[in-house]
Amino acid sequence: MARCSAVSWGQLLYVFLVLCKETLSLAHVPMLLWSTDRSLHGLAKTLHEGHIMSRDKLYLLLKDTVLGPEPTNIVLFLQDTLSMEYFTRYNNFGNESPFHNVQELLETSSSSLVLPAVDCHAVSHFSGHLQKTLNWNLVNVDSPDISKLRVNISRPNLFEINLPPIRRKDELPTQNKLMENDEIIGRFLRSLQQQGIPFLAIYTAKQPSQVPVRYDIMWHRKRQLMSVESEVIDLYPPLNVTNGTNTTCILFYATNFTLTVNTTIHMNLTNSTFLSDGVDTNSSVCSDTNATLSLKYTNLENEKIDIKTLEIRFLMTNMFYTGSSKNWFTLDFIHILQDNRDAEDEPAIFNVSTIYGPAEYSFHCPLVGTEKHYDVILIPANEKAKNWKIDISDFQIQAFNIENNVFSYASDCTSFFTPGIWMGLVTSLILLLILTYGIHMIMNLTTNSRFDDPKGPALSVPQTE
């Protein structure tokens with residue numbers, strides 16, 4: 001019996017050591033993705049913080065969501081080592097950031113996504129997986145000059161670029177190597193953009209790396225991260241609509257504003273809306289009870305679809321509700337009008353049911369669009385609307401009671417009781433019930449009123465007692 005017990009404990013100890021070894025050896029690297037013709041913003045909802053993305057999940061994510069029915073070209077930049085600490089450690093290192101081109105490409109791309117932890121095995125087998133399962137054409141690139149490449153456009157291509165290795169003897173050579181790799185990435189991708197070749201760029205590494213620690217600047221990291229975050233937030237100024245007056249009547253803001261028609265044609269309207277003068281808001285309407293934000297774009301001719309002008313309307317109302325004794329605003333509909341065809345045919349109409357708030361407030365939501373996993377879902381109301389897909393990130397709008405040309409306090413779409421809070425409350429309630437039941441059982445324990453004395457006569461208990 002003792003031998004069997006020893007064997008069992010030995011087997012359990014062996015299994016435990018194997019599991020610990022597998023867990024500790026799960027090396028991961030960061031992966032940066034950005035696309036010129038695909039939307040990646042919806043993928044953030046399917047990811048979980050703190051989890052390492054496995055090989056199968058990465059392949060499924062790219063196949064079903066990013067690649068889509070019509071795959072695009074993929075440009076894979078492979079470095080020998082990389083970690084998330086590189087982007088925070090060497091950001092604004094000295095006079096110039098070693099990730100200047102990568103940062104600029106991320107900001108100007110149609111959509112981007114950062115995966116902090118991806119299994120190294122997924123990266124090492126990525127090229128072979130695409131060749132084997134999806135019949136992709138692998139193109140090994142030795143020079144960033146794309147004019148010397150022979151590209152077969154009949155099927156999607158995977159450009160694999162192995163960047164020069166990083167030698168980490170000290171920080172200055174590491175910074176120089178990162179800057180050289182950043183220049184290679186910038187030259188190659190700009191060559192693709194000049195030739196009009198759509199692509200999905202991926203920047204990752206084969207193995208993780210450890211950044212040498214300098215204790216004299218550790219205290220400064222938090223301030224650097226805060227400054228980087230503020231720069232991203234202030235990337236676009238809000239759209240100010242005055243409707244012919246000096247008073248602002250509508251404010252609109254987003255970090256990404258993308259439309260997709262017929263699942264293939266992507267139009268990123270972010271820069272045209274907030275940075276350049278590519279949008280006309282003269283058709284907007286402002287009043288105390290109704291407001292319409294009209295965004296009209298021209299010069300949108302595309303080789304795949306004949307769109308010359310495009311108008312997007314946000315229809316809002318302001319009403320008094322006796323139940324709350326105050327005014328509330330609602331965003332009721334979103335209309336998309338193509339080439340001024342509204343005179344002869346109805347536009348694409350989307351119903352909006354969850355964008356509302358007090359009239360003195362603005363409304364903010366991280367993700368608004370037609371995808372089912374978004375925080376606010378735009379529901380197509382007619383057949384035309386089913387051909388369109390809308391993606392808006394960091395959406396914020398206000399059309400009533402604007403003061404000092406700035407947004408008022410925002411009514412957010414995220415409720416107070418998030419799934420994490422509900423999980424904590426339910427778990428706490430179950431533990432509380434178990435504790436209450438245990439205390440109740442202990443308090444109801446009773447002892448015998450009489451005990452049998454072994455030296456005296458036997459205790460007789462009548463059956464009726």
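Start by selecting Tyr374 and Asp391: their side chains are joined by a polar contact of 2.4 Å. (A polar contact is a pair of N or O atoms within 3.5 Å; within protein, one must be able to donate a hydrogen and the other to accept it, and residues adjacent in sequence count only if both atoms are side-chain atoms.) You're looking at a predicted model, where local features need pLDDT of at least 70 and side-chain atom pairs count only at pLDDT 80 or more, while totals for chains, interfaces and linings use all residues. Residues are numbered from 1 along each chain as its sequence is written, and side-chain values use heavy atoms, leaving out hydrogens and water.

Stay on this pair for a moment. Along the sequence, Tyr374 and Asp391 are 17 residues apart, and their C-alpha atoms are 9.1 Å apart in space. Tyr374 sits in the loop between strand S18 (362-369) and strand S19 (376-377). (Helices, H or I with at least four residues, and strands, E with at least two, are DSSP runs numbered from the N terminus.) Tyr374 counts as buried because its relative accessibility is 6%. (Buried means under 20% relative accessible area, exposed over 50%, partly exposed in between, with a 1.4 Å probe and protein chains only.)

Next, select Thr273 in helix H9 (residues 270-274). Which backbone oxygen lies 2.5 Å from a polar atom of its side chain? That of Leu269. Thr273 is buried too, at 3% relative accessible area.

Last stop: His335, in strand S15 (residues 326-338). Its relative accessibility is 14%, so His335 counts as buried.
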